[in-house]
Amino acid sequence: MMRDTIRGWCLMLLVMCGFAAPAAAQSYAEGQFDPAIPTLIATVGHAPGARITSPAQAYAYLKALVAAAPDRTQLVQYATSWEGRPLYYLVLSAPANMAKLEAIRADMANIAAGRAGNGTALPVTWLAYGVHGNEISSTDAALMTAYHLLAAKDDPKAAKIMGSTIVVIDPMQNPDGRARFVNNFLASTGIAPDADRQAAEHDEPWPSGRVNHYMFDLNRDWFTLSQPETRGKVAAIREWNPVVVVDLHEMGGDETYFFSPAAQPFSPNLTPAQIRAYELIGRYNAAAFDARGEPYFTREVYDLFYPGYGDTWNAHQGAIGSTYEQGSARGLVFARRDGTELTYADGIANHFSASLATASAVADNAQRFLSDFAAYRAGNASGAAGRGTYVIDLGKRRWNAERLGRRLAAQGITVLRRDGSASVCGKSYPAGYLAVPQAQPAARLIRSLLDRDTPLPPDFLAEQERRRSVDLPHELYDVTAWAVGPMAGVDVALCNGVVGGDALAPDAPIAPKAEGSGTFAIAVPWTDSGQARLVTLALREGIDGRVTDKAFAAGGRQFPRGTVVFPAGSNTPEMMVRLTELAQDIGAQTVFLESGWVDSGPNLGSEHFVRLTLPRVAVAWDDGISQLSAGALRYVLEQRIGLPVTPIRTARLARADLSDYDVVLVPEGDPSAQLGEGGQRALRSFVQRGGVLVAVGDSLETFSSGDNPLLAVKREAALGRDPGEAGGDKGDLAEAVAITSDAEYREAIKDPAALPDTLPGALLNVVGEPDHFLSAGYDEGAVVLATGTQIFTPLGRDKGVNAVRFAAPGNLIASGYVWDENRRQMAYKPYLMAQPTGRGLVIGFAHDPSTRGFLEGLDLMIANAVLVAPSRVR
Ligand SMILES: [Zn+2]
């Protein structure tokens, strides 16, 4: 039976099964191969391309290769995924190089530090696969590339790669996602692989294998470092200082193959020498693909602008960082729209070919790659990209500022802590502020992350405005803003004349800040993410606290609204000690109070203080919900704030017992169909009985339609459009219209119900309503990320409160590019709104505050809506 099944698969795949074509099938190249190097089939039971190699099989094969060639390999575990799977990289080079590997690495570190090398260095080519776990062929290509480099006996290119370079293969950057894909694939297949693109084996259930456990796109996380997979990878890359980094992906199955040069826009922080090197590598790939008669494209779709991708982040360190994309069989065989079939083996072959061609480009031009990299790093160190210093203020959102400093340090950026206070850039900074000099090897990464704006090339922008004027979609692939200071809620200024200080270590604990004296109570000011975490962890341990919605002054200190006070009178002495221990661990700020007497504002016994209890939070999960939004919200709540949540599948909400919960959180998406009328009724009655419903982004629409909406806002059409024109009763004849100009023609064909043009993503300023608990912590406003097309009408005063709204048009844009009509239309519109219903409250975020986990400055707002709101409502 088993043999018949295997034979059936082999017939489907013809030559790809090892026993069908015994000699040639072990590499994707022709030639003689060393029998001492184990083949994939001998190790895990299938030939390359015959099955989708599972994570466990990939580990087994990597270990078998290392066992067979210990003098030419080194396997290093660099991280562990959330679900406990190891992440490895495999170092490959000739025995003579491996014998002095530490010396080579040390010399590369010299060069990367901007110093002269001692001649030992060899260029490092870093090949990374499978960052999106359902882009499956890349991991098998990684295994085949390793096999070929070790086993090929008569391939002079392989010998040169091994002799003159170090190759590092990271075969599986997202093992949790790959495991998820492979499990679904195996569970869905029958007696033979099905080419039907609708078949369940090609159609993954929610969540897809693209994302990791917390449903993050790991190819957006390189500068945020929110996920363990990314943190380990960035630390590993910093140890090796590769001159070339390739991130190998898959795209839609009807596509061919993409390699660099990339599409516009390029980051202005790339150098002309880098752009020339992309051309060189591109020609090597083109030659390899031409020789095999394989089609490909370059300079389209995949750009080099957002610095959180594997290609751009590494390019901002001086490497030549590229994305390669293979059309995905999303299984073993896939029916293309053009009538041909794409096999899994085809995808492996292309990625294998590009991997070797790229490694060859480096081997043939080893000196050029080394000297370009050395010139790049040394030039930056001597000020080629600027000589100022970014100053990070600890006066506002201290904990987030400290975290930002460590995140930068983890990327190989020197961050200095300055002992004294300073008065620079017309502002005074308290002692301990952080300083990031521009004159260092990673200067261009620093500029990209800390400059307020990274401008798009003017000709690219002009082309996008032209396209929009003729109703074509714009070509921006990702967000246009990522200024990490404002996103963390932290002030960063570029100043001159700041020098010296001690380097900050990426893993240095954040120092707690304990102030005041007295044993009456401990106050936790509501000022940053660390404070929200302390309050949450304290509530989880049963420590009793009270939260105020009005500012107060006590013991000569000011406390902002949102401050949580833990009174000794309602806690045991052990609990008060435990609170101080938690504050120590987190690095949070606490203030000891002597008395309940206040100098101004409410006393602890006032109705402005309410008892805060740990809410039970359900999150809508599964179909109808955006996996990125659900994952990021869960990540921020659980991993940063410390609040556990219960995911409940959307289709189950209609019959779930919601009386167990205080909050139901509905991430971005359109869950209307899954909720159905039953789900809508269940959520309405949940709110009426005192629950808090928090809807995010476009899922607001699910609750803002109908005669009696839970949230009385409406999504707006684009400026100047009138949705009433659409679908009206006009009879059979149209009104006669004379069209006399191009503008009138455009007007005549416009869609009257069109939504505003979609925003790729920009950072916008918002302002808080000063007397509402939802805006506590935001007296000075905030910076939010706005993406997409949703703009909502403000809530009427009779319905509820627009607790946070977008700023005036002249002050709206904090960073990035916003179409002018969107800018005018978004000003003053609600960002965070709340409408009471029955005994409960409906809260809406017009845009997701948790996107990519990279907006730490909004953690307090999320905590206000999820952690605090239930206690306020009760
Ligand atoms: Zn991808």
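In which kind of crossing, left-handed or right-handed, does α6 pass α12? In this predicted model, local features need pLDDT of at least 70 and side-chain atom pairs count only at pLDDT 80 or more, while totals for chains, interfaces and linings use all residues. Residues are numbered from 1 along each chain as its sequence is written, and side-chain values use heavy atoms, with hydrogens and water left out.

The crossing turns out to be right-handed, meaning the near helix is turned clockwise from the far one by less than a right angle. Helix α6 covers residues 137-151 and helix α12 residues 344-364, and the two pack at about 50 degrees with axes 8 Å apart. Axes here are lines fitted to C-alpha atoms over the stretch in contact, with angles from 0 to 180 degrees between N-to-C directions. On the α6 side, the contact (heavy atoms within 4.5 Å) includes Ser 137, Met 144 and His 148, and on the α12 side it includes Tyr 344, His 351 and Phe 352.

Also in α6 sits Thr 139, which counts as buried at 1% relative accessibility (buried being under 20% relative accessible area, with a 1.4 Å probe and protein chains only). Leaving aside residues up to four places away in sequence, Thr 139 touches Ala 58, Tyr 129, Gly 130, Pro 171, Met 172 and Arg 178. Pro 55 is 84 residues from Thr 139 in sequence, with 9.1 Å between their C-alpha atoms.

Technical notes. Helices (H or I, at least four residues) and strands (E, at least two) are DSSP runs, numbered from the N terminus. Buried means under 20% relative accessible area, exposed over 50%, partly exposed in between (1.4 Å probe, protein chains only).
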